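Please keep the sequence and the model in view while reading.

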Amino acid sequence: MNSGSDSDSFDEGDLTARGRKAKGKSGSRANEKGKQKAKDQGYAWEATYTRSWDTVQEDEAGSLTGAVAELLARGRRRRLLAPAAAIRRTIIRHLVLLLDLSAAMSDRDMRPTRFDLSLEYAREFITEWFDQNPLGQIGIVGMRGGIGERVCEMSGNPQDVLKAISERHKLEPIGEPSLQNAIEMARSSMSHLPTHSSREMLVIFGSLTTVDPGNIYETLSSCVKDRIRISLVALAAETKICRELCDKTGGTFGVAMNEGHFKDLLFELIPPPAQQHTGAGAGGKMSADLMMMGFPQRLPDTAPAALCVCHAQMRAAGFLCPRCGARLCDAPTDCDVCGLMIVSSPHLARSYHHLFPVKPYSVVTTLDGVTSTTCHACARPLEDTPSANVSEGVSPFDRYRCQDCKSDFCTECDVFVHDVLHCCPGCET
Ligand SMILES: [Zn+2]
Ligand SMILES: [Zn+2]
Ligand SMILES: [Zn+2]
Ligand SMILES: [Zn+2]
């Protein structure tokens with residue numbers, strides 16, 4: 001609807017932030033009506049719309065540091081809201097990513113197009129997802145031309161999954177999407193999964209319509225029965241069926257307002273979900289099941305080549321299943337011969353941090369009784385003069401303290417510890 005109207009917003013020289021907003025959005029239409037009108041807002045619906053470049057504000061000196069600090073502070077405040085009590089999480093996850101590849105995805109309301117942006121974010125999402133969920137597996141299903149299209153089989157190897165969406169020309173958006181066909185296809189690829197693993201679907205949906213062969217509510221109820229959790233990120237607007245798919249299956253629904261918000265919505269789905277209470281234990285008491293895992297033997301590079309059971313190709317490197325001795329290419333995986341789950345101990349250890357996350361650091365507002373003058377992690381000297389007008393959740397001394405080991409950290413290290421490292425450097429020593 002607006003693909004042409006904002007394409008000429010960048011070639012005007014000296015626009016102020018407000019001028020850019022008004023002129024950029026009304027585009028050529030405004031030029032015809034003269035400069036007087038250009039100062040006014042565009043269409044009424046555009047007023048409720050925020051572009052990603054409008055949300056970043058420069059300070060008086062033209063610097064963006066304030067905006068970046070505000071962004072970090074927002075992340076910190078969100079962390080404080082997270083539940084502190086122990087919750088049970090599924091660490092063996094299975095996710096099918098459903099990508100809308102219909103004509104609606106070539107819309108340019110997100111730059112460069114919805115399609116290109118979704119592919120880019122999907123790649124980042126997959127990399128980060130595997131980093132945080134090393135025992136998980138991802139499959140990809142595309143929706144276009146009224147059918148569901150299997151883009152990538154369920155796989156625990158990030159390279160395999162990324163390769164499947166690396167060739168853009170094979171995924172060119174065309175036709176209408178079919179939610180029902182795609183969900184049915186994703187559901188069938190998860191039907192064999194054991195009960196201890198999660199079954200999740202993440203839909204990136206740009207269209208406002210779906211072309212279905214039957215009643216999609218039947219698909220919805222079979223997903224509820226199979227305990228599949230559907231989450232959906234809509235790029236256009238909220239539709240009832242999308243909202244219902246998420247609400248009834250316990251997933252999350254969101255409409256992306258701009259490029260940054262789209263990414264936030266996706267990345268919120270990376271930490272493993274808390275386990276749902278299921279019908280069996282009416283009192284909400286979940287039973288713990290034991291599961292069998294095997295730690296494979298890694299073959300040396302000098303091992304003779306042999307057929308692997310997963311791809312039926314001659315390979316020298318790989319792993320041996322500890323139960324049946326079958327040769328496998330990757331861990332983690334399920335042994336194709338005996339069905340044993342094959343994991344390596346680093347994978348297990350890396351899954352651990354979700355169960356025992358680092359507690360949020362507290363904001364240091366006064367230097368009374370402070371002894372350290374440097375950041376405990378990077379040894380950078382910390383401020384001793386408070387900086388003026390900081391927003392809520394930001395320390396005027398750029399100091400954040402671990403409540404357990406009482407060490408102080410700088411902003412960068414605080415973010416790094418909680419987002420990447422997942423253990424406190426002060427508590428470990
Ligand atoms: Zn193989
Ligand atoms: Zn085996
Ligand atoms: Zn530091
Ligand atoms: Zn600590």
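## Terms and overview

Two strands are said to pair if DSSP finds at least two bridges between them. The model described here is a predicted one, and its chain has 429 residues, of which 31% count as buried. The secondary structure of the chain comes to 14 helices and 17 strands. Among the contacts in the chain with a separation of 6 or more, 62% are made by residues 24 or more positions apart.

Strand β1 covers residues 93–100, and because eight of its eight residues are buried, the strand is largely enclosed by the rest of the structure. In a regular strand the side chains alternate between the two faces of the sheet. Both faces of β1 are covered, with R93, L95, L97 and L99 buried on one side, and H94, V96, L98 and D100 buried on the other.

What does β1 pair with, and in which sense? Strand β4, residues 198–205, is joined to β1 by seven bridges and runs parallel to it, and within this pairing V96 has M201 of β4 as its bridge partner. Strand β2, residues 137–144, is likewise joined to β1 by seven bridges in the parallel sense, and here L97 has I140 of β2 as its bridge partner. Together with helix α6, the strands β1 and β2 make a β-α-β unit that is right-handed.

## The hairpin of β2 and β3

Strand β2 also pairs with strand β3, residues 147–155, through six bridges, and these two strands run antiparallel. Within this pairing, M143 stands opposite G148 in β3. The two strands form a hairpin with two residues between them, and G145, which lies in the turn, has a positive phi of about 55°.

## Helix α6 against helix α11

Helix α6, residues 114–132, and helix α11, residues 259–267, have axes that come within 10 Å and cross at roughly 35°. The crossing of α6 past α11 is right-handed. On the side of α6 the residues that meet the other helix are L117, Y121, F125 and E128, while α11 brings E259, F262, K263, L266 and F267. Sorted by class, this contact of α6 with α11 has six nonpolar residues, three charged residues and no polar ones.

## Two open sheets of three strands

One open sheet is formed by three strands in the order β8-β11-β12, with antiparallel pairing. Its edges are taken by β8 (297–298) and β12 (327–328), each of which has a single partner strand, so one side of each is left without a neighbour in the sheet. Strand β11, residues 319–320, is joined to β12 by two bridges in the antiparallel sense, and L320 has R327 of β12 as its bridge partner.

Another open sheet has three strands in the order β7-β14-β13, and in this case the pairing is mixed. The edge strands are β7 (293–294) and β13 (333–334), and because each has a single partner strand, one side of each is left without a neighbour in the sheet. Between β13 and strand β14, residues 341–342, there are two bridges, and the sense of this pairing is antiparallel. The bridge partner of D334 in β14 is M341.

## Two loop residues

Is D404 buried or exposed? This residue lies in the loop between β16 (400–401) and β17 (408–409), and D404 counts as exposed because it has 12 C-beta neighbours inside 10 Å, where 12 or fewer is the cut-off for that class. Leaving aside the neighbours within four places in sequence, D404 is in contact with K359, C424 and C427. Between D404 and K359 there are 45 residues of separation in sequence, and their C-alpha atoms are 8.7 Å apart in space.

P360 is placed in the loop between α12 (345–351) and β15 (362–363). With 19 C-beta neighbours inside 10 Å, P360 counts as partly exposed, because a residue is called buried if it has 20 or more. The C-alpha atoms of P360 and R76 are separated by 7.9 Å, although these two residues are 284 residues apart along the chain.

Key: Residues numbered from 1 in each chain as written. Chains lettered and ligands numbered in written order. Predicted model: local features only at pLDDT ≥ 70, side-chain atom pairs only at ≥ 80, totals over all residues. Axes fitted to C-alpha atoms, helices over the stretch in contact; angles between N-to-C directions. Helix = DSSP H or I, 4+ residues; strand = E, 2+ residues; numbered from the N terminus. Left-handed = near helix turned anticlockwise from the far one by under 90°. Contact = placed C-beta atoms within 7 Å. Nonpolar A, V, L, I, M, F, W, Y, C, P; charged D, E, K, R; others polar. Right-handed = clockwise from strand over helix to strand, strands pointing away.
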